[in-house]
Amino acid sequence: MSAPAPRGSVLATRLRAVPWALRTVAREVASRLHGEPPVREAALRWARDRANPGDPASVLAALDRFAVERRFLMNVGDEKGPLLDRIVREIGPAARILELGTFVGYSAVLMSRHLGAAGRLVSIDVDPESSRVGRQVADLAGTADRCEFLHGKSTEVIARLEGPFDLVFLDHWKGLYLRDARAILERGLLAQRGTIVADNVGPLFGDNAYVGWMRAREDFDSEYVSGHLEYGTIEDGVLVSRRRPGRA
Ligand SMILES: C[S@@+](CC[C@H](N)C(=O)[O-])C[C@H]1O[C@@H](n2cnc3c(N)ncnc32)[C@H](O)[C@@H]1O
């Protein structure tokens, strides 16, 4: 099945995003001038002050509120998040999940809350602060026992990972989606019925070579799901690619 093309031109979307980008930068600068900690640490403290320990939904709600009321967080967010949530629930509690891009652990908590004892989530981030905060956010949510937070460049960590994974969530540096997805497939890290979800492939992010490459593959069914950039009204989209049975 071919997926619909992302709507909206890159230039028009980027022009529409300018006021939002300026507001976001101004808010971030003002927070730092007022002596607030860097954004990951600030989000962690906010969640600790407001969420109920052991209650993932309250942790996610606190992080959503921080992003809306305080400072922007590049989480998958509360609009695209439910799609990811649904896919994990479809796979079941024994799902093995690989995530590229931890940030503050929002999507790690969103997905790992559905895992049972046999499930596992591995989340990779190049920023050690993300791995630290992600682990502590998962700790707060009570899902840390199912999660492993690895610090390192995705490409280097993928080279030593053991799979297979039922779900791969690409949400790190957009220019690395193609290279890392290729490596994941070449290393046999995706299960026979595995799914790859790629966030931020909407027009704001330009023409990502991963999208054309994946949509042209006959061993995957890909669907572009249109939505908005987290916590806002700028168009964004997710590419969901499910491996066809018997084509591994
Ligand atoms: C969009 S955020 C991830 C958001 C997270 N998945 C969520 O929805 O809650 C992107 C993250 O990717 C990380 N990143 C960027 N390049 C990377 C790379 N080459 N390897 C691993 N992580 C990378 C950044 O440090 C950042 O924390």
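Analyst: The largest nonpolar core has 65 residues, and those with the most contacts inside it are Val 59, Leu 63, Val 137 and Leu 167. Helix H3, residues 56-69, gives the most to this core, with six residues. A nonpolar core here is a set of buried Ala, Val, Leu, Ile, Met, Phe, Trp, Tyr and Cys residues joined through C-beta atoms within 7 Å, and a residue is buried if 20 or more other C-beta atoms lie within 10 Å of its own, exposed if 12 or fewer and partly exposed in between, with C-beta atoms placed from the backbone. In soluble globular proteins, nonpolar side chains tend to be buried together.

This is a predicted model, in which local features need pLDDT of at least 70 and side-chain atom pairs count only at pLDDT 80 or more, while totals for chains, interfaces and linings use all residues. Residues are numbered from 1 along each chain as its sequence is written. The chain averages a pLDDT (the predictor's confidence in each residue, from 0 to 100) of 93, and 96% of the residues score at least 70. Over residues 1-5, pLDDT stays under 50, and the model has eight contacts for them beyond four places in sequence.

Leu 110 lies in helix H5, which covers residues 106-112; helices (H or I, at least four residues) and strands (E, at least two) are DSSP runs numbered from the N terminus. Leu 110 counts as buried because 26 other C-beta atoms lie within 10 Å. With neighbours within four places in sequence set aside, its contacts are Leu 60, Val 76, Gly 81, Leu 84 and Asp 85. The C-alpha atoms of Leu 110 and Gly 77 are separated by 9.6 Å, with the two residues 33 apart along the chain.

Helix H4 runs over residues 77-91, and its 15 residues reach 21 Å from first C-alpha to last, close to the 21 Å expected at 1.5 Å a residue, where the expected span is 1.5 Å times one less than the number of residues. The buried residues of H4 are Gly 77, Lys 80, Gly 81, Leu 84, Ile 87, Val 88 and Ile 91. An α-helix has 3.6 residues a turn, so residues three or four places apart point the same way. Just after H4, Gly 92 takes a positive phi of about 110°.Beyond H4, Ala 94 is found in the loop between H4 and S1, where Ala 94 counts as exposed because it has 12 C-beta neighbours inside 10 Å. Ala 94 touches Gly 116, Ala 118 and Gly 119, not counting residues up to four places away in sequence; its C-alpha lies 3.9 Å from that of Gly 119, although the two are 25 residues apart in sequence.

The ligand is surrounded by 21 residues, and the closest are Gly 101, Tyr 106, Ser 107, Ser 154 and Trp 173; a residue belongs to this shell if its C-beta atom, placed from the backbone, lies within 6 Å of the ligand. S1, H5 and strand S2 (120-125) are the elements that give two or more residues to the shell. By type, the shell divides into nine nonpolar, seven polar and five charged residues, where Ala, Val, Leu, Ile, Met, Phe, Trp, Tyr, Cys and Pro count as nonpolar, Asp, Glu, Lys and Arg as charged, and the others, Gly among them, as polar.

Asp 171 is found in the loop between S4 and helix H8 (177-186), and it is buried because 23 other C-beta atoms lie within 10 Å. Apart from neighbours within four places in sequence, Asp 171 is in contact with Val 76, Glu 99, Leu 100, Gly 101, Ser 107 and Asp 199.

Some backbone details complete the view. Most residues other than glycine have a negative phi, and most peptide bonds are trans. The peptide bond from Gly 163 to Pro 164, however, is cis, with omega near 0°, and Pro 164 sits in the loop between helix H7 (154-158) and S4. Asn 200, in the loop between S5 and helix H9 (209-215), has a positive phi near 60° and is buried, with 22 C-beta neighbours inside 10 Å.

How values were computed. Two residues are in contact if their C-beta atoms, placed from the backbone, lie within 7 Å.
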